[in-house]
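Dear colleague,

I am passing on the structure below, and my notes on it follow directly after.

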Amino acid sequence: MSLEVFVGNAVNVPNIEKVGKSDPYCTVEFLGVKKKTQVQKQNLNPVWNEQLVFTLADKPLSSSDKIDVYVKDWERVGRNR
């Protein structure tokens, strides 16, 4: 059994770069497992259209389970923001 999360797009992502545009990607975390989409270079309206699959290992979902979704800026050097 698995949980499938579809990551579609984002609109008007804030540009945090001093030169050029942000390179956004999306991370999704569920039950301590983190997955991410591809980086969309120089794009403040990224379209990922990606499906991320989380294996449940026969564990039923509970009402306290949560999914954390973040949009971050990829950096070639240094920490992603």
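Within β5, Val-69 is the residue that forms a bridge with Val-28, and the pairing of β5 with β2 (residues 24-30) runs in the antiparallel sense over 7 bridges. Please keep in mind that this is a predicted model, in which local features need pLDDT of at least 70 and side-chain atom pairs count only at pLDDT 80 or more, while totals for chains, interfaces and linings use all residues. Residues are numbered from 1 along each chain as its sequence is written, and side-chain values use heavy atoms, with hydrogens and water left out.

These two strands belong to an open sheet of 3 strands, in the order β3-β2-β5 and with antiparallel pairing. Because β3 (33-36) and β5 (67-73) stand at the edges with a single partner strand each, one side of each has no neighbour in the sheet. From one strand to the next the twist averages 20°. Strands here are DSSP runs (E, at least two residues), numbered from the N terminus, and two of them pair if DSSP finds at least two bridges between them; angles are taken between the N-to-C directions of lines fitted to C-alpha atoms and run from 0 to 180 degrees.

Leaving aside residues up to four places away in sequence, Gln-42 touches Gly-20, Lys-21, Ser-22 and Asp-23, and the contacts of Ser-22 include Pro-14, Gln-42 and Asp-73, where contact means heavy atoms within 4.5 Å. A polar atom of the Gln-42 side chain lies 3.1 Å from the backbone nitrogen of Lys-21, and the side chain of Ser-22 reaches the backbone oxygen of Pro-14 at 3.4 Å. The C-alpha atoms of Gln-42 and Glu-4, which are 38 residues apart along the chain, are separated by 28 Å.

Finally, an unreviewed UniProt entry carries the annotation "domain: C2" for residues 1-81, and such annotations may be inferred rather than shown by experiment. That span is 0% helix and 43% strand, and its end C-alpha atoms lie 33 Å apart.

Conventions. Helices (H or I, at least four residues) and strands (E, at least two) are DSSP runs, numbered from the N terminus. A polar contact is a pair of N or O atoms within 3.5 Å; within protein, one must be able to donate a hydrogen and the other to accept it, and residues adjacent in sequence count only if both atoms are side-chain atoms.
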